Amino acid sequence: GMGLDLCTLDMAAFCHQGVYAASRGRTYAKDKLIVREPTFDIFKLLFDDSKLDHAGEGASVATYLAASRRYRPPQVLVEMATANNPGVVRERHGIFVDGAAKITANPQAPFGYDFNDPNNLSFWWSQGMLGTWQMTDTNLKAARDFRLYETAALTDVATLVKLNGSDPDRLRTFTQKNHAILDFGHLREANTYAWRSDTVSLATVVDHRFGEMRDQIHVWQATIGPGAVVFTTHPRSDLPNASTWNDDKKPGYWTGDASIPRSAQHERTGIHIYQPAWDATTDALLWSVFGYQDYTHAYVPQDRFDEVVRDGNWTFVRKGDGYIALWSWRVPTWRAYDTATNPTDGQTKPFDLVAKGGADNVWIVEVGDASSATSFPAFMTAIRKSPPSVERDKAGFKVAWRSPTSGAVTFGSTTPFTVGGKQQTLGEFPRHESRWGKVERLATKFSLRGDTAMLALDFDARSRLVGPT
């Protein structure tokens with residue numbers, strides 16, 4: 001029950017009108033481009049925060065929870081998911097291991113999980129550490145013992161190992177040098193930030209592995225309601241010729257498989273800098289396998305908004321009293337889809353906003369509602385009042401903008417994120433921090449308290465206390 005409480009906490013903290021509005025991973029076009037993605041039924045059952053009915057299409061987790069005789073979500077977590085104007089939530093997940101760190105003879109492993117101990121193999125592989133230099137010796141031994149390089153799934157890996165003569169020292173040097181590409185499956189520590197009002201939300205994984213390749217990562221999302229979402233990705237592959245989004249998987253056009261932007265957020269304002277850390281000049285062999293498209297793009301499903309306004313670099317959308325403004329340094333244009341050969345999920349208007357000209361780009365997002373602007377035209381006027389400033393040189397980008405809600409914000413490829421002249425923290429967040437409480441990283445006690453209910457977990461004592469405040 002305590003374990004389920006933590007899973008429910010992470011869902012409740014990012015629930016917006018029944019939508020899982022968090023930055024996240026392991027999500028595909030078939031899931032995140034539809035109105036009710038697979039998590040919808042779980043949120044509907046646990047929190048009932050949407051007027052839409054259950055999707056009812058084999059949502060197994062919701063079925064398991066419905067059939068549970070003992071577990072019920074603590075009321076404080078239901079309150080967290082459905083609260084009025086819940087504000088900011090910051091969280092920290094995962095374990096930090098740096099694939100770019102200098103090679104040493106005996107790398108220090110966190111929490112005592114020795115990299116060279118075969119008994120820890122399942123732990124580190126659960127973290128996706130198949131391409132980090134720290135695991136070279138253990139990975140090679142496991143591959144030999146279990147004949148892993150004979151499997152089709154590891155054909156590319158086996159080729160790279162053979163090209164390096166199966167020599168551990170050469171492989172360590174090779175993987176460390178090319179960590180931005182080869183560590184794509186590593187689930188390294190992530191700091192997440194979200195802001196929610198009753199009408200709109202914005203969530204981001206901040207300053208996470210800038211420019212590196214990652215496997216199925218959803219870095220940020222602006223959400224007004226089910227299906228009414230906006231986000232950007234840098235694709236590895238081009239648009240698939242297929243009848244459904246089920247075929248857009250790995251590497252996918254919408255799955256964020258190419259480079260990760262350097263991202264920052266302050267309440268309603270987000271900045272995302274795309275600047276891949278590798279290209280054809282880095283390693284010709286790896287580039288032939290791990291190439292990417294020379295553009296970034298945004299998902300803006302026009303059919304699911306009440307108004308959409310395109311104005312040069314800006315794109316504005318409205319649904320009800322919720323507003324989203326999206327700016328691209330490279331002027332974006334709608335991509336035309338052939339419904340006979342391209343999946344659209346039944347959408348009739350263009351929804352793919354492509355910024356051509358290069359994989360390097362800056363996207364700025366601002367979300368608004370009736371509490372921040374008197375109307376949609378007033379929101380657009382306030383946004384346009386201060387054009388963003390972007391400088392690009394060999395080192396990267398420098399961005400400056402005056403947000404109507406955050407004030408003066410600055411950010412860059414190598415410079416800190418400032419709001420109103422004050423530098424903002426982009427890492428080392430608590431395990432959880434919201435108006436319901438603060439739980440420090442690695443804490444074994446969780447104490448959350450709302451207006452009507454509370455939850456106290458003590459994992460050392462195996463004690464779970466649920467009740468009214």
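Over how many bridges do β12 and strand β17 (residues 352-356) pair, and in which sense? In this predicted model, β12 and β17 pair over five bridges in the antiparallel sense. Within this pairing, Tyr 299 stands opposite Asp 352 in β17.

Strand β12 covers residues 295-299, and five of its five residues are buried, so the strand is largely enclosed by the rest of the structure. In a regular strand, the side chains alternate between the two faces of the sheet. In β12, Tyr 295, His 297 and Tyr 299 point one way, while Thr 296 and Ala 298 point the other way. The residues on both sides are all buried. Strand β9 (residues 228-233) is also joined to β12, by three bridges, and these two strands run antiparallel. Here the bridge partner of Phe 231 is Tyr 299 in β12.

Strand β18 (residues 361-368) is mostly covered, with eight of its eight residues buried. Asn 361, Trp 363, Val 365 and Val 367 point one way from this strand, whereas Val 362, Ile 364, Glu 366 and Gly 368 point the other way. The charged residue Glu 366 is thus listed among the buried residues of β18.

| Strand paired with β18 | Sense | Bridges |
|---|---|---|
| β11 (residues 269-274) | antiparallel | six bridges |
| β15 (residues 322-328) | antiparallel | six bridges |

**An open sheet of five strands**

Five strands form an open sheet in the order β19-β20-β21-β22-β23, with antiparallel pairing. Its edge strands are β19 (389-393) and β23 (422-423), each of which pairs on one side only. The pairing of β19 with strand β20 (residues 396-403) is antiparallel and extends over five bridges. Glu 391 stands opposite Lys 398 in β20.

**Two helices in contact**

Two packed helices are described by the angle between their axes and the distance between the axes. For helix α3 (residues 40-47) and helix α4 (residues 60-67), the axes come within 7 Å and cross at roughly 25°. Because angles under 35 degrees count as roughly parallel, α3 is described as roughly parallel to α4. The crossing of α3 and α4 is left-handed. On α3, the contact is made by Asp 41, Ile 42, Leu 45 and Leu 46; on α4, it is made by Val 61, Ala 62, Leu 65 and Ala 66. By class, this contact has seven nonpolar, no polar and one charged residues.

Technical notes. Residues numbered from 1 in each chain as written. Predicted model: local features only at pLDDT ≥ 70, side-chain atom pairs only at ≥ 80, totals over all residues. Heavy atoms only, no water. Axes fitted to C-alpha atoms, helices over the stretch in contact; angles between N-to-C directions. Helix = DSSP H or I, 4+ residues; strand = E, 2+ residues; numbered from the N terminus. Parallel < 35°, antiparallel > 145°, perpendicular 65-115°, else oblique. Left-handed = near helix turned anticlockwise from the far one by under 90°. Contact = heavy atoms within 4.5 Å. Pairing = 2+ DSSP bridges. Buried < 20%, exposed > 50% of the residue type's maximum accessible area, 1.4 Å probe, protein only.
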